[in-house]
Amino acid sequence: MGYGQHQSFYLRDRWLNKAIRHLEIDERFFYDKEAFEKIGLGKNMVQSLRYWVVATGVVEEVFNEDRKKVHKITELGRLIFEYDRFVKLQDTAAILHYQMVKEKEPSTAWYWYFNYFNETIITKDNLLSELILWVEKNESKPVSERSLKRDIDCLVKLYTAGQNTRDPEEVIQSPLNKTKLVEEKKGIVYKRTTSVSDIGLSALMYVLLDYKTLHGVSNISVDDLVNQPALWGKVFNMKRSTIVNALNELTQNPIYNLTFIRTNNLDLIRIPEITPYEFLQQEYRRKVGVTK
């Protein structure tokens, strides 16, 4: 599992755009000794950005034919770079968040907080204590408390930086603050219950399609959407009633053929036959007014 790889820097606005622009030219950009000068960031920030591009799923770290590590832009990364490179859309921010929390690595603290930690109001100190306990139970090797504290601090900042416009220290925003998933007031961390408009219908459909691709399923129950890791209830802290409302809205889209079958014993959703990337490209074109 992965801890403390962000160098204590949360993801900043425009960082993903900067990284993808340079990786289009050089897939080994992050191994360039002059990378920090070329991209205009400090050395530790460049290392942090290397983590964030992988964590958000816009880049994957692989070995090339010479057995050297390179960073390849993913299909998701190319779509975001083409249509919403500055993460102005609510759906894009929600998708980046989903990419971070859907799997244990490389953002284990995020995976734990959204998929397994059920408290919605807690002090930051107690949140750290809960993460330490979880790590001790689930890791075979010890993880430093300092590293876990950095994760908690960074997790909170990732969703709150820029929310308090009266604080001069918060002029640098995080693109994920628009999801409104987390708030912090006087050392207390709140996991907010989100609405459909907080996340976006396009992001919700993307999660369904991605889940279908990863797990090879065509149908999913409302109970799973509410309770299963990496699905709406956990990832976006959505109530069952909100999930049902979102499903009803998605069934009204004549293009994607999502079917919501409601019975007395089991409410099932039949997921459309389209890849998450085909769907997302169509949605981006519709949202930004592309007609080609």
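## Close-ups from a predicted model

**View 1. Where helix α5 meets helix α6.** On the α5 side, His 97, Met 100 and Val 101 make contact with Trp 110, Tyr 111, Phe 114 and Asn 115 of α6. Keep in mind that this is a predicted model, here and in the other views. Sorted by class, the contact between α5 and α6 comes out at 5 nonpolar residues, 2 polar ones and no charged ones. Helix α5 covers residues 90–101 and helix α6 covers residues 108–115. Their axes sit 8 Å apart, and the two helices pack at an angle of about 105°. Angles of 65 to 115 degrees count as roughly perpendicular, so α5 is roughly perpendicular to α6.

**View 2. Thr 160 in helix α8.** Zoom in on α8, which runs over residues 145–160, and you'll find Thr 160 in it. Have a look at what the Thr 160 side chain is up to: it reaches the backbone oxygen of Val 156, at 2.7 Å. Thr 160 has a relative accessible area of 6%, so it counts as buried; the cut-off for that label is under 20%.

**View 3. Thr 242 in helix α13.** Another threonine, Thr 242, belongs to helix α13, made up of residues 240–251. Who does Thr 242 touch, once residues up to four places away in sequence are left out? Thr 194, Ser 195 and Val 196. With a relative accessible area of 14%, Thr 242 is buried too, again going by the under 20% cut-off.

Terms used:
Residues are numbered from 1 along each chain as its sequence is written. This is a predicted model: local features need pLDDT of at least 70, side-chain atom pairs count only at pLDDT 80 or more; totals for chains, interfaces and linings use all residues. Side-chain values use heavy atoms; hydrogens and water are left out. Helices (H or I, at least four residues) and strands (E, at least two) are DSSP runs, numbered from the N terminus. Buried means under 20% relative accessible area, exposed over 50%, partly exposed in between (1.4 Å probe, protein chains only). Contact means heavy atoms within 4.5 Å. Axes are lines fitted to C-alpha atoms, for helices over the stretch in contact, and angles run from 0 to 180 degrees between N-to-C directions. Angles under 35 degrees count as roughly parallel, over 145 as roughly antiparallel, 65 to 115 as roughly perpendicular and the rest as oblique. Ala, Val, Leu, Ile, Met, Phe, Trp, Tyr, Cys and Pro count as nonpolar, Asp, Glu, Lys and Arg as charged, and the others, Gly among them, as polar. A polar contact is a pair of N or O atoms within 3.5 Å; within protein, one must be able to donate a hydrogen and the other to accept it, and residues adjacent in sequence count only if both atoms are side-chain atoms.
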